[in-house]
Amino acid sequence: MRAFTQLDGLVAPLDRANVDTDAIIPKQFLKSIQRSGFGPNLFDEWRYLDQGAPGKDNAGRPLNPDFVLNQPRYAGAQILLTRDNFGCGSSREHAPWALDDYGFRALVGSSFADIFFNNCFKNGVLPICLPAEVIDRLFAACLATEGYRLSIDLAAQQVCEPDGTAHAFEVDPFRKECLLNGWDDIGLTLRHADEIRAFEAARKAAHPYYFR
């Protein structure tokens, strides 16, 4: 998992509440358990005007010109601005996989669904909750200013606007440490690889009949 320390990124505003995980990555794309390759189908039913399917070449698919991510001004955005209850619905881990694969490193919104919120941290995507009035301000600024960017400092737990206005956010200390160091669940386990190998060697010496 990639570490997250600081980010200065272009912001894309998704001005919809209660965006569920089936909208983030539709169910037909859940057959793969690889973490990569989902970005082209992020928000598939909103981005395209035709029906998407696994293995289908997206290059020639007709784009929905009204969908925010298809607007040239938001190309390359790394921060997604969201509304209430983003990530509700089923608990599919493919949703943060798709967001990360598309290029989003952070989500800034007023609230997130619990399971989705947890899955983001486990996959290197930082979800940040700010008060609704701050989110309203950020949406207004983003829509009014082409190239609108935010700076995020995880260590300092701050989101900074271009004029220097800083907004503090809360984050669980353990999740913060994991993101700062790029530790997912596997990475946390591998930190103890030497102890695990020593235990297995001692177990094999003490109980060789287990290994015949």
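## Crossing of H3 and H4

A crossing is left-handed if the near helix is turned anticlockwise from the far one by less than a right angle, and right-handed if clockwise. By that rule, H3 passes H4 in a right-handed crossing. Ala95, Pro96 and Leu99 of H3 make the contact with Phe116, Asn119 and Cys120 of H4; contact means heavy atoms within 4.5 Å. By class, this contact has 5 nonpolar residues, 1 polar residue and no charged residues. Ala, Val, Leu, Ile, Met, Phe, Trp, Tyr, Cys and Pro count as nonpolar, Asp, Glu, Lys and Arg as charged, and the others, Gly among them, as polar.

The axes of H3 (residues 94-102) and H4 (residues 114-122) come within 8 Å and cross at roughly 50 degrees. Axes are lines fitted to C-alpha atoms, for helices over the stretch in contact, and angles run from 0 to 180 degrees between N-to-C directions. The two helices are therefore oblique to each other. Angles under 35 degrees count as roughly parallel, over 145 as roughly antiparallel, 65 to 115 as roughly perpendicular, and the rest as oblique.

## Model and overall make-up

This is a predicted model: local features need pLDDT of at least 70, side-chain atom pairs count only at pLDDT 80 or more, and totals for chains, interfaces and linings use all residues. Residues are numbered from 1 along each chain as its sequence is written, and side-chain values use heavy atoms, with hydrogens and water left out.

The secondary structure comes to 8 helices and 7 strands. Helices (H or I, at least four residues) and strands (E, at least two) are DSSP runs, numbered from the N terminus. The C-alpha trace spans about 70 × 45 × 25 Å along its principal axes. Of the 212 residues, 44% count as buried. Buried means under 20% relative accessible area, exposed over 50%, partly exposed in between (1.4 Å probe, protein chains only). Among contacts between residues at least 6 apart in sequence, 65% join residues at least 24 apart.

## The sheet

An open sheet of 7 strands runs in the order S4-S3-S2-S1-S5-S6-S7, with mixed pairing. Two strands pair if DSSP finds at least two bridges between them. The edge strands are S4 (126-129) and S7 (166-168), and each pairs on one side only. From one strand to the next, the twist averages 25 degrees.

S3 (residues 106-109) and S4 pair in the parallel sense over 4 bridges. Glycine 109 has cysteine 129 in S4 as its bridge partner.

## Inside H4

The buried residues of H4 are Phe116, Phe117, Asn119, Cys120 and Phe121. They pack against H1, H3, S3, S4 and H6 (173-181). Just after H4, glycine 124 takes a positive phi of about 80 degrees.

Asparagine 119 sits in H4. Its relative accessible area is 11%, so asparagine 119 is buried. Leaving out residues up to four places away in sequence, asparagine 119 touches Ser91, Arg92, Glu93 and Pro96.

Lysine 176 has its place in H6. A relative accessible area of 17% makes lysine 176 buried. Its C-alpha atom is separated by 8.6 Å from that of phenylalanine 121, 55 residues apart along the chain. Lysine 176 touches Leu154, Ala155, Gln157 and Val171, not counting residues up to four places away in sequence.

Glutamine 157 lies in the loop between S5 (149-153) and S6 (158-160). Glutamine 157 is buried too, at a relative accessible area of 17%. Its phi is positive, about 55 degrees, although glutamine 157 is not a glycine. Most residues other than glycine have a negative phi.

## Valine 19 and asparagine 85

Valine 19 is found in the loop between S1 (6-13) and H1 (21-24). With a relative accessible area of 2%, valine 19 is buried. Beyond four places in sequence, valine 19 touches Leu14, Ile24, Phe43, Trp46, Asn85, Phe86, Gly87 and Cys88. Valine 19 and aspartate 185 are 166 residues apart in sequence and 27 Å apart in space, C-alpha to C-alpha.

Asparagine 85 lies in the loop between S2 (79-81) and H3. Asparagine 85 counts as partly exposed, at 28% relative accessibility. Its phi is near 60 degrees, a positive value in a residue other than glycine.
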